[in-house]
Amino acid sequence: MPTVAFHTLGCKVNHYETEGIWNMFKASDYERVDFDRQADVYVINTCTVTNTGDKKSRQTIRRAVRKNPEAVICVTGCYAQTSPGEIMEIPGVDVVVGTQNRKKMIGYIEEHLETREPVNGVTNIMKNRVFEEMDVPEFTDRTRASLKIQEGCNNFCTFCIIPWSRGLLRSRDPEDVIVQAQRLVDAGYKEIVLTGIHTAGYGEDMQDYNFAKLLKKLETDVNGLKRIRISSIEASQITDEVIEVLDKSEKIVRHLHVPLQSGSDTVLDRMRRKYTTEFYYQKVEKIKKALPGLAITSDVIVGFPGETEEEFMETYNYIKKVGYSELHIFPFSQRTGTPAAKMKDQVEDKIKTRRVHELIELSNQLAKEYASNYEHEVVEVIPEERAQDEKDSNVLVGYSDNYLKVRFTGSDDMIGKIVRVKITQAGYPYNEATFVRVMDVDATTKIS
């Protein structure tokens with residue numbers, strides 16, 4: 001039985017797609033082995049969101065070549081899509097497939113084994129208008145299931161290379177989404193995370209269908225589904241119809257990731273974002289009313305070209321005004337090929353570093369404030385794994401529906417199930433909890 005090893009860089013979508021690719025190899029009678037072991041085929045799923053992503057991808061490719069020079073080295077993902085020629089020049093690379101036509105990957109590998117010639121399977125992503133189906137019936141190491149519902153992005157923000165690596169927006173057929181969601185629930189998953197490149201843009205390429213309609217269909221048509229989590233939603237996509245669905249839903253969790261990028265209108269304009277800070281704030285306030293206790297997380301870029309100290313402070317104060325539960329802070333990276341990389345007034349690294357640290361400190365403070373609201377409260381957690389930093393091997397770690405990272409003492413049979421715990425101490429990055437009782441998700445048991 002031939003062996004295959006995978007290494008995934010980058011986002012949740014890449015991790016989802018690696019599982020889809022593995023299912024294709026499994027159907028062709030391959031055995032999966034760890035990436036650090038010798039394998040017949042190495043598949044590297046690359047990232048290109050920053051220049052550092054490109055560099056890490058090249059390093060991983062070379063590591064695979066050193067591990068087994070006789071193996072077939074297959075490179076896929078975003079970096080493969082944008083720079084196939086660059087990758088083909090790396091000694092030892094045999095097959096390159098971008099962010100489409102992954103179903104041809106095994107055929108390309110067999111072609112290479114027959115001809116011993118490198119195969120470049122990358123085609124023009126901008127001409128693709130069809131969502132590539134990659135079914136994932138189960139995940140190798142996940143207790144929460146991701147479900148990819150769309151591909152691509154039409155926004156073309158000035159700092160972002162992703163439209164060029166993923167193409168324009170394409171939505172998955174709603175019936176296919178429901179079928180896979182049901183398969184995941186039947187496989188034992190309690191929570192499904194809807195994911196994509198521009199997730200809530202789902203349906204923008206369809207007639208008479210949209211993201212809100214898909215959410216309603218998931219709620220009503222998938223038997224046994226307990227939690228629906230939206231991986232990310234843009235402020236411009238928070239329509240009144242979506243808010244109405246959030247308000248009425250019994251399954252959509254109290255957590256939304258709403259990318260901000262900057263709290264300064266002048267910076268947002270240079271970024272080519274499709275909202276103002278006032279528009280964003282009004283949307284957030286509406287969804288907070290629809291989902292009381294809502295945790296809002298976000299992405300923020302600091303040091304965007306031309307960002308003054310005044311603009312940075314606008315962002316700092318705006319973040320406090322919104323009241324996030326956690327932030328992901330990134331220093332601006334000059335991504336080659338984007339308009340922002342060529343802009344004047346690039347901010348010095350030392351200034352970006354200081355601003356990053358200031359926002360990280362603010363994020364930690366806001367996270368503690370949000371978590372403190374749930375001290376001595378009972379929350380439902382899906383334990384994902386054993387804590388890696390604990391001497392006590394019985395400590396489990398998982399997320400509540402409102403995205404509190406919780407650890408508590410429990411047993412292996414709780415992993416992947418819904419567990420009711422009482423927060424005994426709120427903090428950051430973890431919240432300590434006391435196990436109350438495993439909740440039978442098909443019963444209406446009371447807390448003991």
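Contact here means heavy atoms within 4.5 Å. With that in hand, Ile 21, Met 24 and Phe 25 in helix α1 meet Met 105, Ile 106 and Ile 109 in helix α5. Keep in mind that you're looking at a predicted model.

**How α1 and α5 meet**

- Helix α5 covers residues 105–115, and its axis lies 10 Å from that of α1, at an angle of about 55°.

**The six-stranded sheet**

- This open sheet runs in the order β2-β1-β3-β4-β5-β6, and its pairing is parallel.
- The edge places go to β2 (31–32) and β6 (119–120); each has a single partner strand, so one side of each has no neighbour in the sheet.
- β2 pairs with β1 (residues 3–8) in the parallel sense, over two bridges.
- Val 4 has Arg 32 in β2 as its bridge partner.
- Helix α2 (residues 51–67) lies across β1, β3 (41–46) and β4 (72–77), and runs at about 175° to β3.
- The α5 helix turns up again here: it lies across β3, β4, β5 (95–96) and β6, at about 150° to β4.

**The seven-stranded sheet**

- Here the order is β8-β7-β9-β10-β11-β12-β13, again in an open sheet, but with mixed pairing.
- At the edges you'll find β8 (170–171) and β13 (326–331), each with a single partner strand, so one side of each is left without a neighbour in the sheet.
- Strands β7 (residues 145–151) and β9 (residues 191–196) are a parallel pair, joined over five bridges.
- Within that pair, Leu 147 stands opposite Leu 194 in β9.
- Helix α1 (residues 12–27) packs on this sheet, where it touches β7 and β9, and its direction makes about 105° with that of β7.
- Helix α7 (residues 174–186) packs on the sheet too, touching β7 and β9, with its direction at about 170° to that of β7.

**Pairings of strand β14**

- β14 (residues 378–386) pairs with β17 (residues 419–425) in the antiparallel sense, over four bridges.
- In that pairing, Val 381 has Val 419 of β17 as its bridge partner.
- β14 also runs antiparallel to β15 (residues 395–400), with five bridges joining the two.

**How α12 and α13 meet**

- The axes of α12 (residues 309–322) and α13 come within 11 Å and cross at roughly 10°.
- That angle makes α12 roughly parallel to α13.
- On the α12 side, the residues that meet α13 are Glu 309, Phe 312, Thr 315, Tyr 316, Ile 319 and Lys 320.
- On the α13 side, the partners are Arg 354, Arg 355, Glu 358, Leu 359, Leu 362 and Leu 366.
- By class, this contact has six nonpolar, one polar and five charged residues.

**Gln 81, a buried residue**

- Gln 81 sits in helix α3 (residues 78–82).
- Its relative accessibility is 7%, and the cut-off for buried is under 20%, so Gln 81 counts as buried.
- The side chain of Gln 81 reaches the backbone nitrogen of Thr 99 at 3.0 Å.
- Beyond its neighbours within four places in sequence, Gln 81 is in contact with several residues, among them Gly 98, Val 122, Ile 125 and Trp 164.

**Arg 335, another buried residue**

- You'll find Arg 335 in the loop between β13 and α13 (349–372).
- At 5% relative accessibility, Arg 335 counts as buried.
- Arg 335 and Thr 48 are 287 residues apart along the chain, yet their C-alpha atoms are separated by 8.8 Å.
- The side chains of Arg 335 and Thr 48 make a polar contact at 2.5 Å.
- The side chain of Arg 335 makes a polar contact with the side chain of Asn 51 as well, at 3.3 Å.
- Leaving aside neighbours within four places in sequence, the residues in contact with Arg 335 also include Val 49, Asp 54, Phe 159 and Ala 341.

Technical notes:
Residues numbered from 1 in each chain as written. Predicted model: local features only at pLDDT ≥ 70, side-chain atom pairs only at ≥ 80, totals over all residues. Heavy atoms only, no water. Pairing = 2+ DSSP bridges. Axes fitted to C-alpha atoms, helices over the stretch in contact; angles between N-to-C directions. Buried < 20%, exposed > 50% of the residue type's maximum accessible area, 1.4 Å probe, protein only. Polar contact = N/O pair within 3.5 Å; in protein donor to acceptor, adjacent residues only side chain to side chain. Parallel < 35°, antiparallel > 145°, perpendicular 65-115°, else oblique. Nonpolar A, V, L, I, M, F, W, Y, C, P; charged D, E, K, R; others polar.
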